[in-house]
Amino acid sequence: MIILWKELRYSIRYKIQTINMLVSPFFIIYSYVLLASEYGEGKQILKSMLAWYWLNQIFFETGSGFYVERMEGTLVNYLMCPIGIIKYLFWKYIYIVIICIIISINVIIFGNIFGMNILFKEAIMLVLLLLVSSVPTWTCSLLYCGLCLKYKKMSDINSIVQQILGVLSGCTTNINNYSRIVRFVSYLIPLTYTILMSNKNMILGKYLIPQYGIGIIYFGIGIAIIKNSVKEMRQKGECEQW
């Protein structure tokens, strides 16, 4: 809880940066939405891009393998903290979920101002879907976090990984257009199921079971890699290497 409070205080302290973070996503996403609206797919692309943005934020906060902390030389302080590294990542996840909910509400409000005509019920269902689906996304980011801790340079390709995951999960096109091999990879990405459920306006359904099943697998593997990587870093004295 202290971690969450620290992040919230940081956001309150740096108001301009926080306002930029909360407002700018609409203008990033809406260019794609405007183009899709010309073909009658504006709402769906808005949902998909919002889902991708949640993944983007969760990966940046918890999946980068403590890139900023390693760069600043403060990771060793977190490793010495009795709270535990997984619990620390969990509270970081809770913080970014709060931010993402606010961002989603802002995007929906701005979308209606610009003529998207998103109904209140649709907006509530979309935010709830993104919230429910964020858990498997977080567990997937734990796996990536473990790999970044083990292979230090992986955090340098964080943005590329997010873009690839967005394309493979069907953010801007139906995954049925992909080849069988690519579709197989797509179904290993939790975001794919979020987009499939948003297409059908579902919060709970058949896609939730495989999504959480994959999430549990990623969670187990991710924690194992993180713990092993942290142990190796302590033994080799590489906690501040980046």
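A residue is called buried when its relative accessible area is under 20%. In this predicted model, Gln 57 has a relative accessibility of 9% and therefore counts as buried. Gln 57 lies in helix H3, which spans residues 42-62. When neighbours within four places in sequence are left aside, Gln 57 is in contact with Ile 96 and Cys 100.

## The enclosed helix H10

Helix H10 covers residues 190-199, and nine of its ten residues are buried, so this helix is largely enclosed by the rest of the structure. The buried residues of H10 are Pro 190, Leu 191, Thr 192, Tyr 193, Thr 194, Ile 195, Leu 196, Met 197 and Ser 198.

Several helices pack against these buried residues: H3, H7 (120-150), H8 (158-168), H9 (180-186) and H11 (208-236).

## The largest nonpolar core

The largest nonpolar core contains 66 residues. Within this core, the residues with the most contacts are Ile 29, Val 33, Leu 46, Phe 59, Leu 191 and Ile 226. At least two residues of the core come from each of the helices H2 (15-37), H3, H6 (85-113), H7, H8, H10 and H11. Helix H6 contributes the most, with 14 residues.

In soluble globular proteins, nonpolar side chains tend to be buried together.

## Contacts of Leu 46

Leu 46 is among the residues with the most contacts inside the core. Not counting residues up to four places away in sequence, Leu 46 touches Ile 29, Val 33, Val 107, Met 116 and Ile 118.

Key: Residues numbered from 1 in each chain as written. Predicted model: local features only at pLDDT ≥ 70, side-chain atom pairs only at ≥ 80, totals over all residues. Heavy atoms only, no water. Helix = DSSP H or I, 4+ residues; strand = E, 2+ residues; numbered from the N terminus. Buried < 20%, exposed > 50% of the residue type's maximum accessible area, 1.4 Å probe, protein only. Contact = heavy atoms within 4.5 Å. Core = buried A, V, L, I, M, F, W, Y, C linked by side-chain atoms within 4.5 Å.
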